[in-house]
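Morning, everyone. Please bring up the model on your screens, and we will walk through it chain by chain.

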Amino acid sequence: MRRLVLFLAVVAALLGAMAAFDWWVDPFGDIYKPAALSDALASQPSCLVSQELVGARYLPFKLDVFHRRPTTRFVVGSSRVLKIQSRPGEQSFANLGFPGSSPETILTELRALPAKPVQTVYIGVEAFWFNEHYVVPPYRPGTYDIARYLLSRATFTFAFRFVRQAHFILTDRWRREEIGTSCVIGRISPSIAWKVDGSRVWSWELDPQRFPKFVPAPYTTDLASLRNGYYDQWKTFDANRLRIMREALDLARQRGWKVVGFAPPEPQQFLRVIRADPQLAARWHEFLRTMPRLFAQEGFTWAGLWNGAALGCTASDFPDAFHSDAACSERVRARLDAVSR
Amino acid sequence: MLFNSFPFFYLFLPAVAVGYYAVPRLRLRLLLVVLASYYFYAYADWWFPALMAGSTAISYTAGRMLEHAESPNRKKVVLATGIAGVLALLAYYKYTSFVGGYALSFVHVITAQSFPGLHSFVNSIALPIGISFYTFEGISYLVDVYRGDLEVERDPLRYAFFISFFPHLIAGPIVRYGILRPQLERKHHFDPDRVRSGLMLFTLGLAKKVLLADALAGWVDHYLASPGSIGFFEAWACAVGFGFQIYFDFSAYSDMALGLARIFGIELPWNFDRPYRSASPTEFWRRWHVTLSTWLRDYLYISLGGNRKGARRRDANLLVTMGLGGLWHGASFNFVAWGLYHGGLLVGTHHGRRLGVRVPRVVAVALTFTLVVIGWVLFRMRSASDIGGVYAGMLGLHGMGGAPGHLMLYLLVSAAIVWGLPEEWRWPVAAWGSLRVAAVAVLFVVSAASVYTSHPFIYFRF
């Protein structure tokens with residue numbers, strides 16, 4: 001019996017130690033670390049939180065952002081709404097969008113928020129969400145996934161490499177760094193970072209000398225490679241996602257919230273791609289027809305905004321020919337605020 | 001569910017083992033393990049348990065009918081019907097695609113008709129894992145009962161346990177009921193030393209799979225990706241590497257199965273005994289996948305007449321037995337060719353003995369190993385062109401090529417284990433002291449942490 005207990009005890013102790021070490025270092029950012037946001041908020045003015053510390057745990061991070069502010073107005077949507085930000089001194093606005101969003105993530109997010117106080121919600125809806133081939137990346141890992149992550153050799157190996165590269169991680173987990181004119185709560189290579197209102201700062205915005213600006217990929221009409229293939233093989237409008245979107249709007253309506261829907265602005269090159277592809281054009285126009293109707297049915301407003309040029313956003317306002325920059329996003333915010341009044 | 005998977009060893013195994021010893025009554029324990037085994041099997045695909053239940057019901061019913069059959073002729077009919085019943089399932093799921101595919105191609109050549117609907121139907125038949133193993137177990141039970149070597153099992157629960165017991169369900173060892181039955185008649189009390197010994201044997205198998213077989217697989221797959229241009233050194237390193245890989249992979253599964261069964265107080269037959277130490281092909285088959293080779297010997301080779309009807313008939317029986325043994329591995333001509341190749345080696349061994357040539361054992365071992373390695377190319381590569389490519393490489397027809405450095409390192413480590421250490425099930429793990437126990441526990445954690453990148457066991461596809 002003694003040796004059986006020894007075997008099991010050694011296994012349990014080693015697994016526990018490994019899981020604790022992996023949890024502490026968390027090399028792939030699979031564990032949400034609320035203390036990093038606390039540290040960012042504790043500085044005056046607030047620091048940014050490096051993407052290294054948020055990793056793939058966007059949902060708890062954004063919910064945390066919401067709760068740490070007296071939020072009464074927020075935006076949700078994909079990575080293309082992430083430059084919509086609060087104005088100087090504005091505490092009531094939060095950006096709760098994140099990469100890999102979809103009607104499913106928006107419904108989950110809205111459900112996780114408290115019903116009161118009453119909110120004004122801007123929902124940036126992507127057309128490609130209704131492509132049945134669009135796969136939503138995992139956004140809510142379960143206990144099983146976390147356990148697998150903590151007990152994997154790959155996690156341990158990378159955690160070990162992290163610690164070898166930056167010894168401070170063993171004691172402090174992260175540190176405050178000055179990058180350009182900003183302070184960032186980060187680790188080894190803070191590049192993309194998050195403001196405490198939930199909006200995103202590109203690496204080249206932090207320090208243009210250290211981080212090069214994006215070189216947008218040349219536009220292609222090959223939908224399999226354009227924008228990660230999000231629009232590829234889009235034959236039917238996904239009725240299930242439409243139902244989930246309606247469910248999210250229904251929830252907001254029941255809570256007495258005000259909702260304004262919009263499609264994040266598109267650069268002109270992309271609109272030319274749509275025009276050149278009859279199948280995509282048909283789906284795109286179906287999207288533009290369906291959304292105003294859907295929002296109206298729930299008593300909400302659809303603001304459109306998909307045409308970047310109509311907003312005054314030029315090609316240079318889309319640094320990677322996909323995401324709008326801060327200036328263009330500010331125009332979007334202004335239009336949304338106006339519509340919501 | 002894979003043995004080398006997170007849910008298996010952190011959830012399934014502890015839950016079933018704790019439940020097994022917590023349940024006071026023997027029949028409830030058997031029921032628990034049967035239900036757990038069906039769940040284990042359903043993890044692969046939800047309908048697999050129905051197939052296993054069908055196969056179990058056929059062989060169980062045929063066994064009961066054998067008991068009641070009075071005349072020898074009636075017994076023969078019952079035996080033939082029972083065997084045909086379980087074989088029909090295997091034949092349908094394993095060989096329809098193979099036979100149907102070739103038949104349709106033949107018809108296409110003759111009539112220029114392609115029958116696309118039939119083609120897609122034939123190609124859609126998925127092979128349920130483990131079916132080859134439990135089919136053979138059912139057949140061995142029926143033949144043993146027919147021959148009077150085994151009393152018929154009247155208890156369907158015990159019989160279901162025999163067929164479904166999860167440690168041997170997917171890839172053996174092929175268990176005979178005569179070995180298992182006496183162990184199912186008594187209740188096994190919790191014995192910490194036996195449980196520890198089972199856990200340690202399981203760990204040794206897991207480590208062999210994850211740290212050796214999978215590492216070899218990565219390099220072998222890498223070099224064999226372009227068999228049409230593989231150089232002399234790479235081709236030989238890959239052939240030897242695959243020989244080690246498949247041995248570590250399959251014997252690891254067997255070690256894990258033995259260890260798991262031992263946790264439940266059950267001893268399964270061993271399947272491997274360092275086969276690459278064999279000094280002849282005959283000895284190789286006494287050490288390699290022993291439960292299959294003895295099955296083929298007892299139920300096929302001997303039934304065909306064995307060596308009782310002269311040398312020519314014996315040679316033919318060997319070729320038929322090994323050819324069918326190859327076909328059992330997979331519905332593909334390369335497996336038949338591999339089986340026939342080994343049949344040829346066995347025939348050659350018999351004839352070689354008559355010449356009375358004696359060579360030192362070390363030379364005989366080296367020669368046997370080389371012949372077995374040459375045969376592995378047939379097993380590993382599927383198409384004739386790929387097989388030809390690797391053989392051409394081994395003959396130097398694509399040039400010498402570079403020395404595969406990393407693979408060579410693994411080959412040296414593998415060789416040291418294969419020729420320097422006894423088979424893991426022979427290790428006296430039950431008597432090991434605290435230091436070794438702790439070392440195996442460390443090995444478990446290292447291996448368990450590596451399973452995420454682990455390859456499926458090679459024998460799962462058979």
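This is a predicted model: local features need pLDDT of at least 70, side-chain atom pairs count only at pLDDT 80 or more; totals for chains, interfaces and linings use all residues.

What is it built from? Chain B has 19 helices and zero strands. Its radius of gyration is 23 Å, close to the 23 Å that the globule rule gives for 462 residues, so chain B is as compact as a globular protein of that length. The C-alpha trace spans about 65 × 65 × 55 Å along the principal axes. Of the 462 residues in chain B, 58% are buried. Now the contacts within chain B. Take those between residues at least 6 apart in sequence: 79% of them join residues at least 24 apart. On charge, chain B carries 39 positive and 25 negative side chains. The centres of those two sets lie 5 Å apart.

Over to chain A. Here we find 14 helices and 10 strands. The radius of gyration of chain A is 22 Å, close to the 20 Å from the globule rule for 341 residues, so chain A too is as compact as a globular protein of its length. A box of roughly 70 × 50 × 45 Å, taken along the principal axes, holds the C-alpha atoms of chain A. Buried residues make up 56% of its 341 residues. Look at contacts in chain A with a separation of 6 or more: residues 24 or more positions apart account for 75% of them. Chain A exposes about 14800 Å², and carbon and sulfur atoms supply 57% of that. Its side chains include 43 positive and 32 negative ones, with the centres of the two sets 3 Å apart.

Next, the interface. The size of an interface is often given as the accessible area lost when the parts come together. Here, chain B and chain A bury about 1900 Å² between them. Carbon and sulfur atoms account for 75% of that buried area. Three residues on the chain B side deserve a look: F6(B), V445(B) and Y452(B). Together they supply 26% of the area that chain B buries against chain A, more than any other three residues.

Last topic: backbone details. Most residues other than glycine have a negative phi, and most peptide bonds are trans.

Start with the cis bonds. In chain A, a cis peptide bond joins Q44(A) and P45(A), with omega about -5 degrees. P45(A) sits in the loop between α2 (34-42) and β1 (48-50). In chain B, the bond from G172(B) to P173(B) is cis, with omega near 5 degrees. P173(B) is in the loop between α8 (166-169) and α9 (177-184).

Then the positive phi values. R274(B) is not a glycine, yet its phi is about 45 degrees. You will find R274(B) in the loop between α11 (232-263) and α12 (281-287). Is R274(B) buried or exposed? At 1% relative accessibility, R274(B) counts as buried. H289(B) also has a positive phi, near 40 degrees. H289(B) lies in the loop between α12 and α13 (290-301). With a relative accessible area of 0%, H289(B) is buried.

That's the tour. Thanks.

Key. Residues are numbered from 1 along each chain as its sequence is written. Chains are lettered from A and ligands numbered from 1 in the order in which they are written. Side-chain values use heavy atoms; hydrogens and water are left out. Helices (H or I, at least four residues) and strands (E, at least two) are DSSP runs, numbered from the N terminus. The radius of gyration is taken over C-alpha atoms; the globule rule is 2.2 Å times the number of residues to the power 0.38. Buried means under 20% relative accessible area, exposed over 50%, partly exposed in between (1.4 Å probe, protein chains only). Contact means heavy atoms within 4.5 Å. Accessible areas come from the Shrake-Rupley method with a 1.4 Å probe; for residues, only the protein chains shown count as cover. Lys and Arg count as positive and Asp and Glu as negative; His and the chain ends are not counted. The place of a charge is taken as NZ of Lys, CZ of Arg, CG of Asp or CD of Glu. Buried area is the accessible area (1.4 Å probe) that two parts lose on being put together, summed over both.
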